[in-house]
Protein chains: 4
Amino acid sequence: DDAWHVAGITLRSRLLLGTSRYPSPQVLDDAVAASGAQVLTVGLRRLQPESGGGQAFWQRIAALGCHLLPNTAGCHTAEQAVNLALMARELFGTSWIKLEVVGDDYTLQPDPFGTLEASARLVREGFAVFAYTTDDLVLARRLHDAGVAAVMPWAAPIGSGRGPQNLHALRTLRERLPDAVLVVDAGLGKPSHAAQVMELGFDAVLLNTAVAESADPVRMAAAFAQAVQAGRLGHLAGAMPERDTARASTPTVGMPF
Amino acid sequence: DDAWHVAGITLRSRLLLGTSRYPSPQVLDDAVAASGAQVLTVGLRRLQPESGGGQAFWQRIAALGCHLLPNTAGCHTAEQAVNLALMARELFGTSWIKLEVVGDDYTLQPDPFGTLEASARLVREGFAVFAYTTDDLVLARRLHDAGVAAVMPWAAPIGSGRGPQNLHALRTLRERLPDAVLVVDAGLGKPSHAAQVMELGFDAVLLNTAVAESADPVRMAAAFAQAVQAGRLGHLAGAMPERDTARASTPTVGMPF
Amino acid sequence: DDAWHVAGITLRSRLLLGTSRYPSPQVLDDAVAASGAQVLTVGLRRLQPESGGGQAFWQRIAALGCHLLPNTAGCHTAEQAVNLALMARELFGTSWIKLEVVGDDYTLQPDPFGTLEASARLVREGFAVFAYTTDDLVLARRLHDAGVAAVMPWAAPIGSGRGPQNLHALRTLRERLPDAVLVVDAGLGKPSHAAQVMELGFDAVLLNTAVAESADPVRMAAAFAQAVQAGRLGHLAGAMPERDTARASTPTVGMPF
Amino acid sequence: DDAWHVAGITLRSRLLLGTSRYPSPQVLDDAVAASGAQVLTVGLRRLQPESGGGQAFWQRIAALGCHLLPNTAGCHTAEQAVNLALMARELFGTSWIKLEVVGDDYTLQPDPFGTLEASARLVREGFAVFAYTTDDLVLARRLHDAGVAAVMPWAAPIGSGRGPQNLHALRTLRERLPDAVLVVDAGLGKPSHAAQVMELGFDAVLLNTAVAESADPVRMAAAFAQAVQAGRLGHLAGAMPERDTARASTPTVGMPF
């Protein structure tokens, strides 16, 4: 009843999961199951036949029964990303692509220019583009106007686990782009971080490191699944106003009903 | 399997709920059901026979099948609180008491002196004392040493919905009082707030206004229930370390397994 | 002795001031004097002869004896901004320009695309470009590589007075662009905000609303002047490391020397 | 013209300085001079004749021409603190005492009970008590009611350099105790931290580690002196209101005057 829609399909789960850095294939399988994720993202370079083990890995991922969202991690130009996406479509039969055009090797933040250029080209080529971006509203609006399937702002640098560094900017994104599919992608470290952004009204979150590098990835996958639902329900329920002063929850005079 | 223990009983739910300020009795019933709470706190003054409707309210609460935790909200001295607790035990047959000795009418914060004095007296009288307190470590340790069943620090002033104002102090409390039952009581406004404190290792949270004054209390009760579980699981799973810099979640060289 | 260099000149003051929104011309004059500012920014539209009073305003500003930094506030395209800059050079005999190409009317944030395009064109035209931008590292590096005189990231939306919304991003900018002149422009509200960014090693700050809309602009100008110096000295002195735990400042055993 | 009054004297400087942990006596002298401090606090144990070098240290401090504020650092009970204070009055001819009754060796936070007890006794003995305390409003009010000369809440644990951990609590203290002399004591690390609390209206700040353990204590002393003044001026000037949205500092239509 609280399904969401992206790239032409309907999803129940609002948690998208990455497939890297797990301690073992079995842990990956179990974490995916525990997360309830219906979309998995995987680095294209790992799926390519020439990379030893790529085929086995791909089959394992395919067996999990989720939508595959190949990503262009490691690309530094629009050209590289577009080429990789085209190849992915050929090999794996999906027109979904998680676009990453990295503009800085220290923050791994997207290059606004390359990201917008590649997005526009890939949309024209018929791709459903999930565009990894910063929390820049102007860039996000351009990506949305270019026709991407989802705009995916970071909360913090990838793999930093720091959680939302600029909640004001994220809130503004949501308020100003009410019609865009907005997914927070990158920088979350704890379940409460996921709940925070879902409470703002984001459509979903995408995680990898926070689950894979937890001491117990399977349990952490379940934790994030619950946190995403909690945040979503909290958004729908409507939070009480924040107040500057205290107010007794138990009125001491009279009856409440 | 992740039960906890307080005042001699075992509980599955880590969410304790207040019973005030709901828009209607029916919403209260439904919110309690949605929350999965096994402990309900209720203002003693509302339970007293002389307050018209007190009897009906009490029967309604009793019908919900939860442990009753009467509270001394509105008391300003140890004496008042102790007398109210004694009366409550007489009338309702429970030796549980949520002790509130308010020291300031603006913040509704506990009076450290009155709270410690009343705690000591009530423990001697055989009560299971759930002591509402600030995030002061020295006071919390004294309360624990006095034998209270649970030390219940605030996150922020009651009814403010501001969420944790001093996470450093809460973390210190948990680390320095590993054997105490610690429940965050007061000041939470959103599900993510509950997840934050559960991630620190608190045993449970107690809420009222955040649920009762949500636009949709029943849904918000469910949201908090999930957030508490998410935070608890996150604590057990062990979060990734926070990093200053980015780190690719998708390694671009070699295979992960 | 702690002078800094921008656009070919040497400045002692690290506080640049805007000239709008003051309650009266006299208060503006006095605030400029109290601030010690050596650079004043002024909206070009206000300087144009056709705007009634423009000439008088310009003469008043000129009489303050500061470097004039005309700005392109209100421009929404690179084209508009470049044209305005060209006209300003003609009329006022300065090749300094504070470039603002607004990309969103709600946040008044710069348009990354228009800002970079206009910067490149203006640099080619021989301007010293002071480029107002967000805290996006990739964009900032592009602006620096394009040859702007100063990269001027916001701390928060213009006129919001919220102070630094993403200190992590600002710190990263400073660390990753050690050779750029970096000036925080927009969003500061209190003296402590200015000190915070100066402590990170920014070269200067640019303010307007925080001074002009203070209850006492002249005193607030003095407050910011001191805060900028405090933050700068703090940066040069090198702050103590932040610690998780307490450590007695007065050792209780032995002598310190 | 902006002097303040404490313990019967009038002071210009709002920065009180500790005398421990400096790299050398000369650096201490120079830092005191750079800070403009008129009050120095020093651990009583270091002033006692039996501690080798105590006499020399005391003469050095006395030569700096500041008011001496002996402190009871290291005391764990009211009894110890009172005895030390009595001895100090005897030896050094001052009835000023900075009262520290530590309640926890990890946070070095004051013991609320011992601090209040010792304060009351020392006030009766004729001391001017500068009471180190937490940000607990009820305790602070009790100390004020007991007649202490200054209530001195921490910003964070001593020596942690973390800066204000709970600005909401500090703001509440100031608002609710308008007649008390309130000095932030402990936990500041950077000049901006001092400005933050002065902006709230605190009367002064007391520092030690942030200056003494800076890479350049003399310069850092000057930085804090400026930050304290900046924050004070900012408080007096009255900050602009914080806004949720942007607002052009340069109006693009019409003239401002």
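**How chains A and B meet**

Biologist: In this predicted model, which residue of chain A forms a salt bridge with Glu213(B)?

Modeller: A salt bridge here is a side-chain nitrogen of Lys or Arg within 4 Å of a carboxyl oxygen of Asp or Glu. For Glu213(B), the closest N and O atoms of the pair are 2.6 Å apart. The partner is Arg243(A).

Biologist: How many salt bridges does the rule find across the interface of chain A and chain B?

Modeller: Glu213(B) and Arg243(A) form a salt bridge. Across the interface of chain A and chain B, the rule finds 4 salt bridges.

Biologist: Which helix gives the largest share of the side of chain A that touches chain B?

Modeller: Helices here are DSSP runs (H or I, at least four residues), numbered from the N terminus. Several of chain A supply at least two residues each to that side, including α1 (25-35) and α8 (191-199). The largest share, 12 residues, comes from α10(A).

Biologist: What is the area buried between chain A and chain B?

Modeller: Buried area is the accessible area (1.4 Å probe) that two parts lose on being put together, summed over both. Carbon and sulfur atoms give 60% of it. The total is about 6,100 Å².

Biologist: How many residues does the contact take from chain B?

Modeller: Contact means heavy atoms within 4.5 Å. Chain A brings 69 residues to it. From chain B, the contact takes 70 residues.

Modeller: A note on reading these values: residues are numbered from 1 along each chain as its sequence is written, and chains are lettered from A in the order in which they are written. Local features need pLDDT of at least 70 and side-chain atom pairs pLDDT 80 or more, while totals for chains, interfaces and linings use all residues, and side-chain values use heavy atoms, leaving out hydrogens and water.
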